[in-house]
Protein chains: 2
Amino acid sequence: MDAVSACKNPSKKAEQVLDAARRLFVERGFGATNMDALAAAAGVSKATIYAHYDSKEALFAATARRECRRLVVRMAIGEDVAEHRALDTALTHIGRAFLDALMSPEIVGLLRMVIAESTRFPELGQIYYDSAPGQTLTSVTCYLERARREGLLIDCDTRRAAEQFLSLLRGDLHLRILLGHPPPRAERDPAIDEAVATFVARYGARASAS
Amino acid sequence: MDAVSACKNPSKKAEQVLDAARRLFVERGFGATNMDALAAAAGVSKATIYAHYDSKEALFAATARRECRRLVVRMAIGEDVAEHRALDTALTHIGRAFLDALMSPEIVGLLRMVIAESTRFPELGQIYYDSAPGQTLTSVTCYLERARREGLLIDCDTRRAAEQFLSLLRGDLHLRILLGHPPPRAERDPAIDEAVATFVARYGARASAS
DNA sequence: GTCTATATTTCGATAGAC
DNA sequence: GTCTATCGAAATATAGAC
């Protein structure tokens with residue numbers, strides 16, 4: 001029951017439909033999007049949509065799954081952003097990349113959509129979580145593990161350390177963005193610096209020069 | 001345009017309607033709730049609903065606003081949970097209270113609803129943010145300010161410290177709950193301890209006995 | 001103020017021609 | 001495979017009696 005099998009008859013028009021569905025569902029949500037608007041946006045007729053997808057719900061599920069998969073790709077990039085740098089510099093770079101991704105309109109829209117429909121489509125929540133946050137957490141954990149082996153960190157549970165670092169970075173930014181009231185951009189860089197400072201205070205190797 | 005003025009004709013039945021609206025909207029969301037179900041749940045006729053509220057949207061807005069205001073009251077309680085205790089004990093207690101509130105089904109449901117409809121009703125996001133997270137942040141900042149004056153904390157920006165502490169507590173719990181996949185409860189207390197440990201590593205007074 | 005019954009609209013889904 | 005045209009259900013909103 002993935003995006004492929006949900007599409008009964010793959011073709012170019014099926015792609016157009018999926019693209020339009022992504023735009024409209026992400027912008028307006030499931031309930032506020034109707035099939036007429038969807039057909040118009042895709043440049044096809046409603047009947048064509050139903051030739052490819054059994055129902056509005058099936059189309060939504062296929063769309064959401066596809067977008068979550070794309071997310072995995074996006075978040076996996078930047079994994080090596082922190083090569084060969086001092087700990088705090090590397091963490092700052094990771095922080096910027098993380099917040100950039102977190103604040104991008106496509107990701108925010110997708111997350112809002114998934115949250116909104118997580119009761120109607122319970123599986124989506126799991127898929128999303130495994131995609132974006134899961135990938136990021138794994139990626140950061142790997143970096144911290146390397147840093148620990150190199151003596152930059154104290155001996156610790158690197159996965160929990162990664163969770164804490166990401167939490168410090170996220171702050172209430174995530175919530176505010178989801179609520180439609182993002183904080184001014186000027187607050188971002190100081191917040192990253194403070195997140196790094198707190199992380200280093202707990203996990204930085206005491207013996208390192210500072 | 002608040003909950004009062006949105007209700008054209010206050011009465012006992014108007015209360016019943018608002019109560020039913022809270023339950024259904026929070027459980028099922030705006031789109032999946034219809035006026036027939038609402039009337040049945042409230043024990044009144046549809047016409048009665050429309051005698052008190054101009055439209056489904058008006059009823060939703062009134063309901064959401066009222067629930068956000070109630071939230072302020074809930075979160076303000078527990079402000080003095082941390083009186084006369086050692087720093088880490090107090091922080092642990094604050095942490096438990098915070099997570100309890102964060103995880104309560106009513107609050108999660110309300111938040112999900114507000115996020116889901118934050119494009120259709122942009123004002124709601126602001127109202128919610130000012131209510132729950134705003135109150136909590138203020139409350140924790142006050143405690144930290146007192147602790148700082150008593151010499152338990154280093155000299156610091158207590159508001160930012162409060163933000164970081166709450167972020168550490170929240171972790172990705174919030175996200176996972178909103179996505180419908182909460183982590184096992186057993187992970188909660190260790191996570192709180194670790195949050196406190198990281199916070200104290202950065203902000204705890206170095207001279208204090210440990 | 002509240003009800004029953006109904007009007008009206010919106011929207012998901014389909015039939016049938018090409 | 002795709003379109004035009006349409007059906008039928010569901011849902012919002014209202015009319016009119018009490």
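What pattern does chain A follow when read along the sequence? The answer is α-α-α-α-α-α-α-α-α-α-α, with a tally of eleven helices and zero strands. Helices here are DSSP runs of H or I with at least four residues, strands are runs of E with at least two, and both are numbered from the N terminus. Keep in mind that this is a predicted model, where local features need pLDDT of at least 70 and side-chain atom pairs count only at pLDDT 80 or more, while totals for chains, interfaces and linings use all residues. Residues are numbered from 1 along each chain as its sequence is written, chains are lettered from A in the order in which they are written, and side-chain values use heavy atoms, with hydrogens and water left out.

**Chain A and its two domains**

- Taken along the principal axes, the C-alpha atoms of chain A fill a box of roughly 70 × 35 × 30 Å.
- Chain A splits into domain 1 (3-63) and domain 2 (77-203); bounds like these come from an automatic or database domain assignment.
- Over C-alpha atoms, the centres of domain 1 and domain 2 of chain A sit 32 Å apart.

**Where the domains of chain A meet**

- Six residues of domain 1 of chain A are in contact with seven residues of domain 2 of chain A, contact being heavy atoms within 4.5 Å.
- The two domains of chain A bury about 700 Å² between them, with 77% of it on carbon and sulfur atoms. Buried area is the accessible area (1.4 Å probe) that two parts lose on being put together, summed over both.
- On the domain 1 side, A:V26, A:F30 and A:F60 supply 65% of the area buried against domain 2 of chain A, more than any other three residues.
- The rule finds one salt bridge across this domain interface, and A:E57 forms a salt bridge with A:R120, the closest N and O atoms being 4.0 Å apart. The term covers a side-chain nitrogen of Lys or Arg within 4 Å of a carboxyl oxygen of Asp or Glu.
- α2 (12-28) and α5 (56-76) of chain A each give at least two residues to the side of domain 1 that touches domain 2 of chain A.
- By class, that side of domain 1 of chain A has four nonpolar residues, one polar and one charged. Ala, Val, Leu, Ile, Met, Phe, Trp, Tyr, Cys and Pro count as nonpolar, Asp, Glu, Lys and Arg as charged, and the others, Gly among them, as polar.

**Where chain B meets chain A**

- This contact takes 37 residues from chain B and 38 residues from chain A.
- About 3400 Å² is buried between the chains, and carbon and sulfur atoms give 61% of that area.
- The count between chain B and chain A is two salt bridges; B:E194 and A:R202 meet in a salt bridge through their side chains (2.8 Å, N to O).
- Several helices of chain B give two or more residues to the side that touches chain A, including α7 (105-116) and α8 (122-149).
- The largest share of that side of chain B, nine residues, comes from α11(B).
- Its residues divide into 19 nonpolar, ten polar and eight charged.
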